[in-house]
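Please walk through this model with the structure open beside you. We will follow the helix contacts, then the loops, then the pocket.

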Amino acid sequence: VRLSMRSVAYIVTVALLAAVGFAEQTPWPILVAALLTVPASIVAVPCYYLAYGLLALVPGANPSGSSGSGTVAPDGRVLTSGSSGAPAAWFTIATNVLGILALALAALANVLVLQSLAARRRRNLLAATPSAPRGH
C-alpha cells in the first residue's frame, strides 16, 4: 500500500492531536482527532474504551477510590503531601498509547478505505468506457 504525502500528513496530524490530548490530559485535542477520523472513529473509540475497561480489571491498575493529605505553611508553601489510590503508571501509559494508536489507526483505515473506493471507481470507469475501434 502506497500512501501519498497528504495521507501521511493526515495520519500524523491525528496522532499528534491525540498525543497532545492524552499527554496534557486535555479532551479537546482528542475530540478533534476523533472528529477528523469519522467514520472509522465510530468503531475505534468504543474499542478504546473496551480495552481501557479490560486493562482496568487488572489488579492494582486503576483503584476505584483515592485519597490525599497534606500540610501547608502560612505562606502557602506545601510542607508535606501524600496520596493513595492513583492509577498505576503502566496503566496510564498503556491507556494513553492505546488511545493514540486507536485514533491513528482510525485515520489509516479512512485512508485505506478511500483509496480502495477510488481504485474501484477508476476500474468501473475504465470498464464502462467503450474501447476505441481497432484499425486494420
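**Helix contacts, loops and a pocket**

Start where H1 meets H2. On the H1 side the contact uses Tyr-10, Val-14, Leu-17, Ala-18, Val-20, Gly-21 and Phe-22, and on the H2 side Pro-29, Ile-30, Val-32, Ala-33 and Leu-36. This contact has 11 nonpolar residues, one polar residue and no charged residues. Keep in mind that the model is predicted. The axes of H1 and H2 come within 7 Å and cross at roughly 155°. An angle over 145 degrees counts as roughly antiparallel, so H1 and H2 are roughly antiparallel to each other. Their crossing is left-handed.

Between H1 and H2 lies a loop that holds Gln-25. Look at the backbone there. Gln-25 is not a glycine, yet its phi is positive, at about 55°. Most residues other than glycine have a negative phi.

The crossing of H1 and H4 is right-handed, whereas H1 passes H2 in a left-handed crossing. From H1, the contact with H4 takes in Ser-7, Tyr-10, Ile-11, Val-14, Ala-15, Ala-18, Ala-19 and Phe-22. From H4 come Thr-95, Asn-96, Gly-99, Ile-100, Leu-103, Ala-104, Ala-107, Leu-108, Asn-110 and Val-111. By class, 13 of the residues in this contact are nonpolar, five are polar and none is charged.

Next, follow the chain from H2 to H3. Pro-39 is in the loop between these two helices. The peptide bond from Val-38 to Pro-39 is cis, with omega near 15°. Most peptide bonds are trans.

H3 also packs on H4. Their angle is about 165°, with the axes 9 Å apart. That makes H3, too, roughly antiparallel to H4. The crossing of H3 and H4 is right-handed. H3 brings Ser-41, Ala-44, Val-45, Tyr-48, Ala-51, Tyr-52, Leu-55 and Ala-56 to this contact. H4 brings Trp-90, Phe-91, Ala-94, Thr-95, Leu-98, Gly-99, Ala-102, Leu-103 and Ala-106. The contact of H3 with H4 has 14 nonpolar, three polar and no charged residues.

How much space lies in the largest pocket? About 410 Å³. Its lining is made of 18 residues. Nearest the centre of the pocket are Phe-22, Ile-30, Tyr-48, Tyr-49 and Tyr-52. The elements that each give two or more residues to the lining are H1 (5–24), H2 (27–36), H3 (41–56) and H4 (89–128). Which helix gives the most? H4 does, with seven residues.

The lining has 12 nonpolar residues, six polar residues and no charged ones. Two names in it tie back to the first contact.

Key
Residues numbered from 1 in each chain as written. Predicted model: local features only at pLDDT ≥ 70, side-chain atom pairs only at ≥ 80, totals over all residues. Heavy atoms only, no water. 1 Å grid on protein atoms, 1.4 Å probe; cavity = no way out; pocket = protein on both sides within 12 Å on 5 of 7 lines; lining within 4 Å. Points joined across faces, edges and corners; volume = space filled by probe spheres on them. Helix = DSSP H or I, 4+ residues; strand = E, 2+ residues; numbered from the N terminus. Nonpolar A, V, L, I, M, F, W, Y, C, P; charged D, E, K, R; others polar. Axes fitted to C-alpha atoms, helices over the stretch in contact; angles between N-to-C directions. Parallel < 35°, antiparallel > 145°, perpendicular 65-115°, else oblique. Left-handed = near helix turned anticlockwise from the far one by under 90°. Contact = heavy atoms within 4.5 Å.
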